[in-house]
Amino acid sequence: MKALKLEQFASQADEARQPGPRVVGIDLSLSGTGLVSSEGWCRVIGYVDKKRPITKLPHAERLVVMRSVLGAIVDAVGRPDLAVMEGAALSRAGGGAHERGWLWWRTYEYLTDAGIPIGQLSTNQRIHYATGKGTGQKTVVVDAVARRWPEWQTGGNDNGVDAVVLMAAGRDWLGEPVGDVPKAHRTAVDKALWPGVAG
């Protein structure tokens with residue numbers, strides 16, 4: 001079985017640490033979950049084997065891999081003051097929808113059981129917070145994040161980039177934003193799902 005891939009694009013550099021609440025952005029994917037902390041680190045964790053993709057593994061082996069990915073995510077997330085996830089993309093087509101749903105719910109379950117408050121942004125809200133528009137190519141979001149939040153080094157990895165946006169939106173909701181975000185972008189925060197709001 002192929003080992004999990006763990007990339008760390010930035011150490012916890014002092015210049016990237018933000019005083020205040022610890023917020024983790026989580027962009028879930030079995031092949032590359034983006035994790036970003038307001039403490040300054042950015043990681044991408046997942047199972048990558050082009051010859052034996054996760055959806056082609058026998059079910060018993062697939063479950064072992066999925067649990068390994070989940071364990072690595074949980075270990076990295078730790079106990080932040082707030083976790084911000086991208087909402088489950090129920091309409092998303094393509095292979096692995098069943099497995100992606102499992103990962104989303106199991107991560108949500110861990111956070112809930114650990115007493116960690118959870119915020120959720122839809123895909124369009126995440127893009128809007130980064131760019132000021134509800135739709136856009138991945139490259140536009142990558143460029144926006146590199147300009148607005150350069151302290152978080154993502155290596156251009158779109159999973160890490162998305163997690164930066166989720167983390168930043170969480171800090172903004174808590175009233176302690178990281179960087180200056182235009183008012184037009186902030187409407188995404190107002191429309192997102194936050195702790196204490198039914199959804």
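**Contacts, cores and faces**

Modeller: Let's start with contacts, meaning heavy atoms within 4.5 Å: among those in the protein between residues at least 6 apart in sequence, 67% join residues at least 24 apart. Mind that this is a predicted model, where local features need pLDDT of at least 70 and side-chain atom pairs count only at pLDDT 80 or more, while totals for chains, interfaces and linings use all residues. Residues are numbered from 1 along each chain as its sequence is written, and side-chain values use heavy atoms, with hydrogens and water left out.

Biologist: What makes something a helix or a strand here, and how many are there?

Modeller: Both are DSSP runs numbered from the N terminus: helices are H or I with at least four residues, strands are E with at least two. On that basis the protein has 6 helices and 6 strands, in the order β-β-β-β-α-β-α-β-α-α-α-α from the N terminus.

Biologist: How do you know which strands pair with strand 5?

Modeller: Two strands pair if DSSP finds at least two bridges between them. Strand 2 (residues 23-27) is joined to strand 5 by 4 bridges, running parallel, and 4 bridges also join strand 5 to strand 6 (residues 118-121), again parallel. With 4 bridges each, both pairs therefore qualify. Methionine 85 stands opposite isoleucine 26, and its bridge partner in strand 6 is glutamine 120.

Biologist: What makes one face of helix 6 the buried one?

Modeller: In helix 6 (residues 183-191), the buried residues are His185, Ala188 and Val189. Seen down the helix axis, they fall within an arc of 100°, so they line one face; the arc is that of the directions from the axis to the C-beta atoms. Lys183, Asp190 and Lys191, on the other side, are exposed.

Biologist: And why is a group of residues called a nonpolar core?

Modeller: The name is for a set of buried Ala, Val, Leu, Ile, Met, Phe, Trp, Tyr and Cys residues joined through side-chain atoms within 4.5 Å. The largest has 28 residues, with Tyr129 and Trp149 making the most contacts inside it. Helix 5 gives the largest share, 8 residues.

Note on methods. Buried < 20%, exposed > 50% of the residue type's maximum accessible area, 1.4 Å probe, protein only.
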